[in-house]
Amino acid sequence: GRAAALEGDPEGHGRMGGWQIAGFLLCVVIATGAQRLTGFALALVLLGLTSLFEIAPLPDVANVATVLALANAAIVLRGAHKSMDWAMLRSTVPGSVFGVAGGLLLLGWLSTNVTVLLRLLLGLIISVCAIVVLLRVEPLPRRSSRASFPFFGLLSGFLGGLFPASGPPPVFQFYRHPHPP
């Protein structure tokens with residue numbers, strides 16, 4: 001960010017100062033509050049706020065957001081294994097693995113070559129994910145085709161690798177199905 005540039009590190013990869021750490025922790029608190037209220041968006045809010053205030057490089061914040069999201073998912077899913085639709089999950093995960101690789105590659109390239117485009121893409125993805133998650137869709141009369149799950153898995157993985165925003169695609173796909181949430 002700006003503080004690192006002032007300390008002679010124009011790339012912004014220097015150590016965070018006290019104000020940056022405090023600002024980052026405040027962003028984590030706000031993002032966690034948003035997650036608590038809405039049930040989603042921890043990573044998107046954290047990335048959006050830290051990018052808006054240029055607190056830390058996006059790839060570093062993406063890594064922290066991924067760790068926070070994984071810890072959150074482990075806590076939430078701890079008792080949900082009995083109600084999990086394992087067939088949908090098994091159909092979705094393989095595409096997600098490949099998508100993460102593509103998202104990480106694009107994140108690395110954009111953060112090295114076109115940081116402005118990376119920030120614009122983040123804003124676009126935050127907007128699109130918010131719209132998709134807020135859409136009120138009617139449940140489908142029957143389960144989608146088997147091919148749709150790997151597609152949503154691929155999209156989820158790509159967004160998870162690029163920005164830890166893997167949630168909206170499977171949420172959109174899963175909650176449309178005629179089974180209990």
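Author: Helices (H or I, at least four residues) and strands (E, at least two) are DSSP runs, numbered from the N terminus. The model is predicted, with local features needing pLDDT of at least 70 and side-chain atom pairs pLDDT 80 or more, while totals for chains, interfaces and linings use all residues. Residues are numbered from 1 along each chain as its sequence is written, and side-chain values use heavy atoms, without hydrogens and water.

Reader: How many residues line the largest pocket, and which are the closest to its centre?

Author: Rolling a probe the size of a water molecule over the atoms shows where empty space is left. A pocket, on a 1 Å grid over the protein atoms alone, is an open set of points where a 1.4 Å probe fits, with protein on both sides within 12 Å along at least five of seven lines; lining residues have an atom within 4 Å of a point. Here the largest pocket holds about 2000 Å³ of space. Its lining has 50 residues, and Gly39, Gly167, Pro170, Val171 and Tyr175 are the closest to the centre.

Reader: Which helices supply at least two residues of that lining, and which gives the most?

Author: The helices are H2 (18-38), H3 (42-52), H4 (58-77), H5 (86-113), H6 (115-134), H7 (148-162) and H8 (168-174). H4 gives the most, with seven residues.

Reader: Is Pro169 buried or exposed?

Author: Buried means under 20% relative accessible area, exposed over 50%, and partly exposed in between (1.4 Å probe, protein chains only). Pro169, in helix H8, is buried because its relative accessible area is 6%. By contrast, Arg15, in the loop between helix H1 (2-6) and H2, counts as exposed at 75% relative accessibility. Arg15 and Ala56 are 41 residues apart in sequence and 9.5 Å apart in space, C-alpha to C-alpha.

Reader: What is the phi of Glu54?

Author: Most residues other than glycine have a negative phi. Glu54, in the loop between H3 and H4, has a positive phi of about 50°. Glu54 is partly exposed, with a relative accessible area of 32%.

Conventions:
Grid points are joined across faces, edges and corners, and a volume is the space filled by probe spheres set on the points.
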